[in-house]
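Please read the following note with the model open beside you, and check each point against the structure as you go.

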Amino acid sequence: MDLVTGATGIVGRELLSQLLVSGASVRALHRKDSAVQATVEFITNKGISLDGLEWVLGDTRDFDDMCSAMCGCSRVFHLAALVSFSPSDAETLMDVNRGGTETVVNAMLATGLKDLIYVSSVAALGHTTKHPINEDTPFEDGPLVTAYSLSKYKAELEVWRGSEEGLSVIIVNPSVIIGEGDFSKSTGKLFSQAHAGVPVYPAGTNGFVSSNDVASATMTLANSSIRGERFILNSENLSFKDAFSMIALSVEAQPPTKVVKNWMISIATLLFRLNKLFTGKPMLASKVSMQMSQTQIQYDGTRIISALKSQGIDWKYESVKEVISRVGAAYLRLHLR
């Protein structure tokens, strides 16, 4: 049996689907407020049976919860994480992302489980604009490092500690993940905001990958003999102008026409803070994350292709355009109900 944490996220629901199709038995960890029903509907709408799926309530930060959830399992897919760019969430980010991963590793060591597949983020890697970032680009703290990035980097250190203490580990580092899920959270907001009308786009570039590809790569690596390595998962590098335009068109909205200027960032940060103060809703972005979106960042996601090819596995990414079109159509189906 496989244990999946973060099973109700945009990658988690794809991974559950693919594991169930493969015939695996899966135990899915969830919190009290997790979107379990939406995840079940996502899976059944694909025509996939839920016979091999078991839900268990728990928190990755609770050692007893994790030991109990791991009972009878042979490997762990650790996806659970908090994504936030609000400076006030720095402590919680470290608690959930690093602390949760520390507990998962300790529980595995205590229960004797050996196989850990960790879904991290390119945010845990170093940044450079001189060349595409690859798996060997070292992390360096600095003014453009968000609290989220630091928490994911620290979480990875816990995974590598587990490796040194006897675990067999794989880490994958997805770029910006596009997939079906809650359109009020994470990258799902890009579609709901585009539908409402967003006239501006950041000046920079970034990498993009589908949630389907992240799940597929994760499961394929887990079923291979590859261990002790990390892999960037990145289908394409696109300008935010092109990405935001494709997203807008996918939800039948007007593409943005004005580029964000650097002087606008301070004003936007103030507006986001005021919105959080009066509504309680999380900030859409921080000053640092907006500054990062103005930079020309690219990622090299080809190492996984060659690594799997050496195992006799022909694996490839799907195009970002196809992914955005599919997710936009899903948004419209929900919006037009």
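How many of the residues of strand β5 (residues 115–119) are buried?

1. Strand β5 is mostly covered, since five of its five residues are buried, where buried means under 20% relative accessible area, exposed means over 50%, and partly exposed lies in between (1.4 Å probe, protein chains only). This is a predicted model, in which local features need pLDDT of at least 70 and side-chain atom pairs count only at pLDDT 80 or more, while totals for chains, interfaces and linings use all residues. Residues are numbered from 1 along each chain as its sequence is written, and side-chain values use heavy atoms, with hydrogens and water left out. Helices (H or I, at least four residues) and strands (E, at least two) are DSSP runs, numbered from the N terminus.

2. Look next at the directions of the side chains in this strand. In a regular strand the side chains alternate between the two faces of the sheet. In β5, D115, I117 and V119 point one way, whereas L116 and Y118 point the other way, and all are buried.

3. Strand β4 (residues 75–78) pairs with β5 in the parallel sense over four bridges, and R75 stands opposite D115 in β5. Strand β6 (residues 168–174) is joined to β10 by five bridges, and these two strands run parallel; here R230 in β10 is the bridge partner of I171.

4. Two packed helices are described by the angle between their axes and the distance between the axes. Helix α1 (residues 12–21) and helix α2 (residues 36–44) pack at an angle of about 45 degrees, with axes 10 Å apart; axes are lines fitted to C-alpha atoms, for helices over the stretch in contact, and angles run from 0 to 180 degrees between N-to-C directions. The two helices α1 and α2 are therefore oblique to each other, given that angles under 35 degrees count as roughly parallel, over 145 as roughly antiparallel, 65 to 115 as roughly perpendicular and the rest as oblique.

5. Where do these two helices meet? R13, E14, L16, S17 and L20 in α1 meet A38, T39, F42 and I43 in α2, with contact taken as heavy atoms within 4.5 Å. The residues of this contact of α1 with α2 divide into five nonpolar, two polar and two charged; Ala, Val, Leu, Ile, Met, Phe, Trp, Tyr, Cys and Pro count as nonpolar, Asp, Glu, Lys and Arg as charged, and the others, Gly among them, as polar.

6. Helix α1 is largely enclosed by the rest of the structure, because nine of its ten residues are buried. What covers the buried residues of α1 includes β1 (2–5), β2 (26–30), α2, β3, β4 and α7. After α1 comes G23, whose phi is positive, near 95 degrees.

7. Some single residues deserve a separate look. S186 has phi near 45 degrees, a positive value in a residue other than glycine; S186 lies in the loop between β7 (176–178) and α6 (188–196), and is partly exposed, with a relative accessible area of 48%. T187 is in the loop between β7 and α6 as well, but T187 counts as buried at 12% relative accessibility. Leaving aside neighbours within four places in sequence, T187 is in contact with I10, V176, I177 and I178.

Technical notes. Pairing = 2+ DSSP bridges.
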